[in-house]
Amino acid sequence: MKTNPELRNEAKAFMAGNWKSAVIITLVNVLIITAFELLNIGDSTITKILYFVSLIAVLLPLNYGYLMTFLRFSRGENLAVENLFTMFKGDYYKKSVVLGLLVGIYTLLWTLLLIVPGLIKSLSYALAPYIMIDNPELSAEEAICKSMKMMEGHKMDLFLIQLGYVGLGLLSMLLLGIPLLWLMPYYQVVYAKFYEEIKNENRTPEAIAQV
């Protein structure tokens, strides 16, 4: 397993010459999210319902589409804006919505118990979207269970990566959040590389037999 600095350096090298496309895709993603966030302005029940529906029906698949875009990029594919909308096609749409809801519900329930267990569980579920993308035949529940198994012994590694992201994200707020257009795609590649490392670790005969 590569160290976090090694993963970050690898992602940085991978992004060389691709920053412009990455920033454009991130900007499109952010603008769409911002447009739907405007639905949450106001206190009326209808406004809240519309926002909640859009969150589930649009923003969940869009979020996973953004993740898939940079997972494919980390595997050598070109960056393309249309990849953002991949999750709206076929079985991916339903599965991305169900997976997002289940992860959200499970994390919330654990967080209501205590904040620390909620954080630990969110780390355990982190690979579920990647697993769903690579194994579309799996159900959302199966992807979550597989993520929990694969993350055994790696939750601290991911926590440290996320801690760095949060720290840099807070610093970007001093510049009106503009650096996030570069930070977000960079860390998506870091997460994709992290997933690939753990996936390769699980390529034992026993692990393959469980897929």
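Start by selecting Asp134 and Arg75: they form a salt bridge, with the closest N and O atoms 2.7 Å apart. You're looking at a predicted model, by the way. This pair links distant parts of the chain, since Asp134 belongs to helix α6 (residues 128-134) and Arg75 to the loop between α3 (45-74) and α4, 59 residues apart. Is Asp134 buried, exposed or partly exposed? Asp134 counts as partly exposed because its relative accessibility is 23%, and the buried class is for values under 20%. Arg75 is partly exposed too, with a relative accessible area of 39%.

Now select Lys2, Glu10, Lys193 and Glu197 together. Salt bridges that share partners join these four, Lys2, Glu10, Lys193 and Glu197, into one network. For context, the structure holds six salt bridges.

Zoom in on Lys2 and Glu10 to begin with. Their side chains meet in a salt bridge, 2.7 Å from N to O. Lys2 counts as partly exposed at 32% relative accessibility, and Glu10 is partly exposed with a relative accessible area of 25%.

Why does Glu197 count as buried? Its relative accessibility is 16%, and because buried means under 20%, Glu197 falls in that class.

**Next stop: α3 against α4**

Color α3 and α4 and hide the rest for a moment. The two helices pack at an angle of about 100 degrees, with their axes 9 Å apart. That makes α3 roughly perpendicular to α4, because the angle lies in the 65 to 115 range. To see what touches what, show side chains for Ile56, Ala57, Leu60, Pro61, Tyr64 and Met68 on α3, then for Tyr92, Tyr93, Ser96, Val97, Leu99, Gly100 and Leu101 on α4. How many of the residues in the contact of α3 with α4 are nonpolar, polar or charged? By class, there are 11 nonpolar residues, two polar ones and no charged ones.

While you're here, pick Thr86, which has its place in the loop between α3 and α4. Thr86 counts as buried, at 9% relative accessibility. Which residues is it in contact with, leaving aside neighbours within four places in sequence? For Thr86 they are Met68, Arg72 and Tyr92.

**Next stop: α4 against α5**

If you like checking handedness by eye, α4 passes α5 in a right-handed crossing.

For the contact itself, select Thr107, Trp110 and Thr111 in α4; they meet Ile115, Pro117, Gly118, Lys121 and Ser122 in α5. The residues of this contact of α4 with α5 divide into three nonpolar, four polar and one charged.

**Next stop: Tyr165 in α8**

Jump to Tyr165, which lies in helix α8 (residues 155-172). Tyr165 is partly exposed, with a relative accessible area of 24%. Leaving aside neighbours within four places in sequence, Tyr165 is in contact with Leu183, Met184, Tyr187 and Tyr191.

**Last stop: Leu176**

Finish in the loop between α8 and α9, where you'll find Leu176. Check its backbone torsions: phi of Leu176 is near 60 degrees, a positive value in a residue other than glycine. Is Leu176 buried or exposed? At 78% relative accessibility, Leu176 counts as exposed.

Technical notes
Residues numbered from 1 in each chain as written. Predicted model: local features only at pLDDT ≥ 70, side-chain atom pairs only at ≥ 80, totals over all residues. Heavy atoms only, no water. Left-handed = near helix turned anticlockwise from the far one by under 90°. Helix = DSSP H or I, 4+ residues; strand = E, 2+ residues; numbered from the N terminus. Contact = heavy atoms within 4.5 Å. Nonpolar A, V, L, I, M, F, W, Y, C, P; charged D, E, K, R; others polar. Buried < 20%, exposed > 50% of the residue type's maximum accessible area, 1.4 Å probe, protein only. Axes fitted to C-alpha atoms, helices over the stretch in contact; angles between N-to-C directions. Parallel < 35°, antiparallel > 145°, perpendicular 65-115°, else oblique.
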